[in-house]
Amino acid sequence: MISVNRRELLKAGAGTLVTAALARSWLVWGFEAASETHSLEGGTLEGIIPFIGGDEPLFDTPFDEGLDGRLVTDLSNLSPENLVTPNEKFYIRTRYPIGIDPDQPWSVALAGLGSEPRTIEADELVRRSEPMGQIVLECSGNNRSLRQFGLLSNAEWAGVSLDTLLEDLSPPEAATGLRITGYDNHARPRGASIPGASWIFTLNDLSAHGAFLATHMNGAPLPKDHGFPVRLIVPRWYGCCCIKWVNRIEFIDETAAATSHMKEFYSRTHQSARHELARDYAPAVMDHAAMPVRVERWRVGRKQRYRVVGIMWGGDEPRRDLLIRFQDSEDYVPVSHCDGQGRNQTWGMWWHEWRPKKKDRYDITLRIADPSVQTRRLDREYYMRSVRITKV
Ligand SMILES: Nc1nc2c(c(=O)[nH]1)N[C@H]1C(S)=C(S)[C@@H](COP(=O)(O)O)O[C@H]1N2
Ligand SMILES: [Mo]
C-alpha cells in the first residue's frame, strides 16, 4: 500500500498548496488504476519540489481591471479525475469591460460585403446552444516569467456553431471569411495591451475547426470575465483568437486588412511577419505541447524517488509518444505513463518515474517522438521547467 504523510506533505510543499485530496486521487490514478509496475509501490509522497525561475504569481484569484485584468491558473494540482478547470479558476486575460451593462439585452450585428445587415439576439443563441465538449484555451503569451504558464485552462463549453449560423445567412458570393469583433472599451488601458479585439478567419478554417459562439461554460452562463453573454471559441486556436463580448460579425473578402489585434499577436501566434493583409496570416493554432506541472518527492524505504507529473495539449490528433529529458547531456526517453489526450482539443496527463543520479539542477524538456509532427514551441524548449534536487 502507498501512504501519504499529510502533514509532511503540506510542510514540504513550501508555497505550493498540496491537498490530501489531490494526493489521494493521484494514487488511485497512478498506481491502482494503471496496471504498470513501478518503483514507488509502498512509498510515501513527501513533498513537491518547486520550479525554479520566474515570479510566483498570485494563483487562482482575479486581479487588476479591464485589459490588464488577469487570473493565473494553478496547474500544479491537476489530476486525471479533475481535468476541468472550475469557472472561478479559469485563467483570465482581460476582465469585464466597464462600459457593458450586463442587464441590458445583447445582440450580435451581422453585415459586410453588401449583405443585408441583421442582428442575432444573445437570447436566441442561448436557446439554440448545444454541448461542445471540453476545450483547452491557452493565451499565446502564456509564459514562465510572469505567470508560471498559468494562462492555460480547460472547460466544458456550449454554444452555437458558426456553420449552423451561416446556413441561415447565405454568405455573399465574394465572402472568403469573417471578421469577428468583441467589445473592448475599458476604463484603464494602461498596460501594454492594445484595446480592440477582432480576428479574421477563413470560412474554411472556422468550419474545419468547429468554431462556435459560446454561451455557457461548465454548465453555467459564461461568467462576465469570460465574455458574457457571447464569446467565440475556435478549438485548438490560441486564446487571442477567441474573442470575448462578441458584438459584430462581418463578411470579408481576400482584400481585408489584418486587424490591429492580429498584428499585436503576430509573433506570439508564430506568424512569419506582421503582415498587412489578413489572408497572409496562418491559422493561429497550438501545436502539440507538453510540460510538467509538478515534481513529487517520494520516500520508498530508505530511498528517495521522484515522479514528474505533467500535461499535454494542442496538436491535430491525440498522441501518446511523449519523450522526456532532464539534462542536455542525457537522451530523451519515453515517459513512464501517458494517458494521452482523450480528444485532442482538451488536455491529458502523463507521469514519469525519475531517479536523478546526483544533487543538481535539472532542466526538464519534452518532445514528441515522431519527428514529422510540428511542435514549434517544444522545439524551442519553450515550456522547459527546472528544479533543484537536493536529496538523492
Ligand atoms: N474583447 C476581447 N476579447 C478577448 C481579449 C480581449 O482583450 N478583449 N483577449 C483575448 C486573449 S489574448 C485571450 S488569451 C482570451 C482569454 O480568454 P479568457 O479570459 O476567458 O481565458 O480572450 C481573448 N478575447
Ligand atoms: Mo492571450
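These notes cover a sheet, one serine and the cavities of a predicted model.

1. The sheet. Four strands, in the order β18-β17-β21-β22, make up an open sheet. Pairing is antiparallel. Strands β18 (333-334) and β22 (385-389) are the edges, each pairing on one side only.

2. The β17-β18 pair. Strand β17 covers residues 322-325 and runs antiparallel to β18, with 2 bridges between them. Leu 323 has Pro 334 in β18 as its bridge partner.

3. Ser 198. This residue sits in strand β10 (residues 197-202). Its relative accessible area is 9%, under the 20% cut-off, so Ser 198 counts as buried. Its side chain makes a polar contact of 2.9 Å with the side chain of Thr 181. Leaving aside residues up to four places away in sequence, Ser 198 touches Arg 179, Ile 180, Thr 181, Ile 243, Thr 259, His 261 and Met 262.

4. The largest cavity. The model has 3 cavities of 30 Å³ or more. The largest has a volume of about 270 Å³. Its lining has 21 residues, and Arg 93, Thr 94, Gly 239, Cys 242 and Lys 244 lie nearest the centre. By class, the lining holds 12 nonpolar, 5 polar and 4 charged residues.

5. The second largest cavity. Here the volume is about 50 Å³. Glu 138, Tyr 238, His 270, Met 286, Asp 287, His 288, Ala 289, Trp 313, Arg 377 and Tyr 383 line this cavity. They split into 5 nonpolar, 2 polar and 3 charged.

Note on methods:
Residues numbered from 1 in each chain as written. Chains lettered and ligands numbered in written order. Predicted model: local features only at pLDDT ≥ 70, side-chain atom pairs only at ≥ 80, totals over all residues. Heavy atoms only, no water. Pairing = 2+ DSSP bridges. Buried < 20%, exposed > 50% of the residue type's maximum accessible area, 1.4 Å probe, protein only. Polar contact = N/O pair within 3.5 Å; in protein donor to acceptor, adjacent residues only side chain to side chain. Contact = heavy atoms within 4.5 Å. 1 Å grid on protein atoms, 1.4 Å probe; cavity = no way out; pocket = protein on both sides within 12 Å on 5 of 7 lines; lining within 4 Å. Points joined across faces, edges and corners; volume = space filled by probe spheres on them. Nonpolar A, V, L, I, M, F, W, Y, C, P; charged D, E, K, R; others polar.
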